[in-house]
Every structure is written in structure tokens, then in C-alpha cells.
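Open the structure in your viewer and keep the selection tool at hand. We will go from stop to stop, selecting residues as we go.

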Amino acid sequence: MTKKDLTIGMLGFGTVGSGVATMIRDNEKELTQRLGVKVKIGKIVVRDMEKERGTYVDEGVLCSNVSDVIRDSSIDVVVEVMGGIEEAREAIEEALTAGKPVITANKDLMALHGHSLLRLAHENSCDLYYEASVAGGIPIIRTLEDGLASDRISGIMGIVNGTTNYILTKMKEEKWSYNEALKKAQELGFAESDPTSDVEGLDAARKMAILATLAFSMEVHLEDVSVEGMTAISTEDLELAEQFGYSVKMLGFAHRDQDGIDVSVEPVFLASSHPLSSVRNEYNAVYIYGDAVGETMFYGPGAGSMPTATSVVSDILAACRNLLLGVGGKRSHNPMNSRHLKGEDQQSAQFFHRLLVKDEIGVFSELTSIYSKHHASLGSIIQRPGEKEGEAEVILITHSLSRKNQTEIINELNATSSVKQIISNYRVEGGER
């Protein structure tokens with residue numbers, strides 16, 4: 001392909017879109033040097049043509065119709081930063097069918113429809129890049145696709161949602177309540193007015209489905225991810241975790257072995273010695289286990305206009321380079337492995353249980369018999385006085401046991417008259433492996 005410049009059509013001009021436009025304008029010389037041709041923005045689809053915009057852009061490039069971008073023969077690459085699912089999916093499908101490479105930052109879309117969109121891109125010999133859909137400015141998708149392509153990835157563990165990490169950081173360091181930390185996160189723009197997607201683990205689950213698909217070369221769907229939110233976490237839980245040598249983190253997990261894969265998002269007691277424990281505030285980090293490379297971690301800003309725009313513009317460069325070389329759409333996205341999920345009896349972890357029990361003879365024996373019955377050995381058992389007379393607090397940390405046995409233990413504890421309340425129940429990570 002021989003051109004004097006390459007023209008970008010953008011669908012959307014919000015926080016990320018304005019960052020992309022700023023980078024393309026401010027880094028024009030660097031981008032031209034890397035590609036050998038100039039990259040320019042030809043058209044931008046916006047919902048409100050009259051809206052005042054903080055980022056300078058030539059008014060002549062603004063339009064209100066998605067088709068004006070996709071069907072314009074002068075547009076070489078389409079960038080989708082409009083958000084949403086159905087409208088974005090239709091636009092991307094139209095662009096790919098027209099043979100135009102697409103860059104998207106849309107994690108919701110890629111988690112739900114990424115498999116079919118990547119197949120469509122392959123059928124039409126064009127690229128679909130989506131680095132910015134996971135972990136903002138951290139190049140984790142490119143790392144899995146290229147940097148670690150020669151290795152066999154056995155596991156991923158990561159903080160992939162900045163909102164929840166900010167909340168937990170402030171609860172621990174400032175002793176704020178969950179509601180106080182959430183309110184501050186909303187004031188700073190880290191959390192939406194409706195934070196459900198973040199605090200209930202849905203946002204992280206979408207990202208883990210995308211990462212697991214890449215890491216394991218297997219179609220991992222959103223419904224394959226087991227999800228537990230963080231709204232029940234108390235400052236007392238964080239203080240207890242610290243006493244036992246842990247910090248509380250909202251983590252995403254993806255693991256595979258000979259039995260299959262399991263993917264989850266949940267609050268975790270993470271050993272304070274683990275590198276992920278030191279990740280503070282709104283930052284993200286992804287920890288990868290590779291058979292050859294061993295353990296490696298990638299850290300950086302997980303969101304924001306310019307960090308996310310960095311990933312989008314890097315994808316733009318990759319797509320443009322492929323166009324110039326005539327190798328667009330040559331990457332293979334066909335999963336090598338069939339979808340094989342582990343059952344609860346094949347998933348294992350350690351667990352932390354904090355119980356409020358009757359302070360009377362025989363209760364301890366009853367508790368230990370329940371754990372023994374379900375094949376759970378105990379690493380730590382501590383009894384503390386309860387707040388009321390006749391009550392005691394018992395803290396137990398198990399050795400590794402199956403999810404099935406963990407569920408059975410919780411169910412039996414709830415049904416036992418000696419147990420007045422299961423105060424908290426967390427997965428433990430970073431002790432046994």
C-alpha cells in the first residue's frame with residue numbers, strides 16, 4: 001500500500017476519544033517517524049454537534065452519522081470509543097465487513113461478542129485490536145499475544161479494576177468506611193454514580209474473560225466467570241487481615257491445569273509479601289504465571305483519558321503498519337483449545353472463616369468435626385471473646401480444599417445451632433501454592 005498519509009475515523013469523542021485526538025495531534029512527528037507516513041483524523045462521530053469541547057479539533061471533521069465514517073473511502077482505520085454494546089457492535093461489524101481495520105476500547109463488547117467479531121475480522125482479512133479494553137495503559141493484551149506467545153501460560157492473577165482498589169486502599173490506610181471511600185472515588189471520577197459494575201465485580205469479570213481467552217487460547221465467555229462483589233467488606237476485616245499478615249484485595253483469577261480452567265473475581269486475603277499487595281489506589285497490576293518465564297507482573301494506570309488513549313494509539317500504529325505492509329488480518333484468532341471448565345470439585349484454594357459461636361462446651365469439637373467431615377484441614381484456629389456474654393469469635397484458616405467442600409462447610413455451619421453467624425468468609429492467596 002502506498003499513501004502519503006493514513007486517515008482515522010473515530011466513533012465517539014468522550015474522555016478516551018479526546019485523549020486519542022490529543023495524542024495524535026501532539027505526537028505527530030513521532031508517529032510519522034515510526035510509520036513513515038502521516039496519521040491524521042479525518043472524521044469524528046459525535047452525538048451533539050453543538051457541544052463545547054475541551055480538546056481542540058477542526059469543526060469540519062465532526063459528523064453525527066456512523067455510516068459517514070465507515071462508508072467514506074478516504075477513512076483507512078476506524079476507532080470505536082463510543083461505548084455501549086449493540087450500536088458499537090453493529091458499527092464494528094459494518095466496518096470489518098467493509099474490510100476496514102478497527103480499534104476498540106470497549107471491554108463490555110469484547111467480553112460479550114469478541115469471539116464472533118474476531119472471526120469476522122479474520123474472514124474479511126482485516127485487523128481488530130482491543131488493547132485498551134483491559135487495564136488502561138498497561139499493554140497486557142499485546143504482552144499475551146506477542147511478548148509471551150512462545151510460553152504456556154498457566155495462570156493470571158490481577159487487580160483489573162481501579163475503583164475497587166482505590167476503595168480498599170482508603171479503607172485500609174485512612175480507616176474510611178466503605179461508603180466514605182466509595183463517595184470519594186465518585187467525586188474523583190474513579191467510580192460512576194451507579195458503581196454496581198465495579199463493586200459487584202462485573203467490570204473485572206469482563207476483563208478476566210478477555211485475558212483468559214487470550215492466555216489459554218480458548219473461548220472463555222462472561223458467564224464462565226464466577227463473581228463475588230466487595231460490598232460486604234468491613235474495616236474490621238481489613239484490620240484482621242493485617243494482623244494475620246494479609247491485605248484484602250479484589251482480584252481476578254484465571255487458572256488452568258490438566259483438569260481444565262477456572263476463572264473468578266472475588267475479594268481475597270492476599271499475603272502481604274505478594275507484589276500485588278503493594279498496588280495502591282486506582283492502579284492496576286496483572287501477575288502472570290508462565291511455564292518458561294516463571295512469574296512476572298505488569299503494573300500501571302488502569303484507566304483515565306491519556307493512559308487509555310496510549311493503548312488506543314498504539315493499536316492504531318499497529319493497524320496502520322499492517323496496512324502499509326499489506327499484512328492486515330493475518331493474525332490468527334482461532335482458539336487452539338476446546339472450552340473445558342473445571343467443576344467445583346476440581347477448583348481449590350485456602351479459605352478464611354470468621355464465626356460468631358456460642359461460648360459453651362462442645363462447640364469447638366463440633367466445629368472441627370464439620371471441617372474434618374468435608375476433608376478440610378486447618379492451618380490456624382484462634383478463639384476470641386465475643387462482644388456479648390455467652391458468645392465467642394472463632395477465626396479459622398484452612399489448608400487448600402475444593403470449592404465444593406468449602407460450599408458444603410459454609411452450608412453446614414449456617415445450619416448448625418452452635419454457630420450464630422458467619423461474619424466473614426474469604427479466599428486466601430499467597431500462602432500455599
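**Before you start**

This is a predicted model, in which local features need pLDDT of at least 70, side-chain atom pairs count only at pLDDT 80 or more, and totals for chains, interfaces and linings use all residues. Residues are numbered from 1 along each chain as its sequence is written, and side-chain values use heavy atoms, with hydrogens and water left out.

**Stop 1: aromatic pairs**

A pair of aromatic rings is described by the distance of the centres and the angle of the planes. Here, rings of Phe, Tyr and Trp (its six-membered ring) pair if their centres lie within 6.5 Å; planes under 30 degrees apart are stacked, over 60 edge-to-face, and the rest tilted. How many aromatic pairs does a search of the whole structure find? It finds seven.

Select phenylalanine 269 and phenylalanine 352. Their rings form a tilted pair, 4.3 Å centre to centre, with 35 degrees between the planes. Phenylalanine 269 is in strand S10 (residues 260-271) and phenylalanine 352 in strand S13 (residues 348-358). The two are 83 residues apart, so to speak of the chain, the pair links distant parts. Helices (H or I, at least four residues) and strands (E, at least two) are DSSP runs, numbered from the N terminus.Both phenylalanine 269 and phenylalanine 352 are buried. Buried means under 20% relative accessible area, exposed over 50%, and partly exposed in between (1.4 Å probe, protein chains only).

Now widen the selection to Phe244, Tyr246, Phe269, Phe352 and Tyr426. These residues form one aromatic cluster.

Next, select tyrosine 287 and tyrosine 289. Is this pair stacked or edge-to-face? It is edge-to-face, because the ring centres are 5.3 Å apart and the planes are at 70 degrees. Tyrosine 287 counts as buried at 8% relative accessibility. Tyrosine 289 counts as buried at 10%.

**Stop 2: charges over rings**

A charge sits over a ring if NZ of Lys or CZ of Arg is within 6 Å of the ring centre and within 35 degrees of the ring normal. Select arginine 331 and tyrosine 129. The arginine lies over the face of tyrosine 129, 4.0 Å from the ring centre. Then select arginine 427 and phenylalanine 253. Here arginine 427 is over the ring face, at 3.7 Å from the centre.

**Stop 3: the second largest pocket**

On a 1 Å grid over the protein atoms alone, a cavity is a set of points where a 1.4 Å probe fits but cannot get out, and a pocket is an open set with protein on both sides within 12 Å along at least five of seven lines; lining residues have an atom within 4 Å of a point. Grid points are joined across faces, edges and corners, and a volume is the space filled by probe spheres set on the points.

The second largest pocket holds about 690 Å³ of space. Select Leu144, Glu145, Leu214, Ser217 and Ser332: of the 33 lining residues, these are the closest to the pocket centre. Now colour helices H5 (107-123), H6 (140-147), H10 (202-216) and H12 (305-325), the elements that give two or more residues to this lining. Which helix gives the most? H6 does, with five residues.

By class, the pocket lining has 15 nonpolar, seven polar and 11 charged residues. Ala, Val, Leu, Ile, Met, Phe, Trp, Tyr, Cys and Pro count as nonpolar, Asp, Glu, Lys and Arg as charged, and the others, Gly among them, as polar.

**Stop 4: the largest cavity**

The structure holds three cavities of 30 Å³ or more. The largest cavity has about 80 Å³ of space. Its lining is Met110, Ala111, Gly114, His115, Leu118, Tyr130, Ala209, Ile210, Thr213, Leu214 and Val220. H5 and H10 are the elements that give two or more residues to this lining. H5 gives the largest share, five residues. The cavity lining has eight nonpolar, three polar and no charged residues.

**Stop 5: two positive phi angles**

Most residues other than glycine have a negative phi. Return to serine 217. Its phi is positive, about 45 degrees, although it is not a glycine. Serine 217 is in the loop between H10 and strand S8 (225-227). It counts as partly exposed, at 22% relative accessibility.

Jump to histidine 375, in the loop between helix H13 (363-373) and strand S14 (378-385). Phi of histidine 375 is also positive, near 60 degrees. Is histidine 375 buried or exposed? It counts as exposed, at 65% relative accessibility.

**Stop 6: two cysteines**

A disulfide is a covalent bond between the sulfur atoms of two cysteines. The cut-off used here is a pair of cysteine sulfur atoms within 2.5 Å. How many disulfides does the structure hold? It holds zero.

Select cysteine 126 and cysteine 320. The closest cysteine sulfur to that of cysteine 126 is in cysteine 320, 14 Å away, too far for a bond. Cysteine 126 is buried, at 5% relative accessibility. Cysteine 320 is buried too, with a relative accessible area of 0%.
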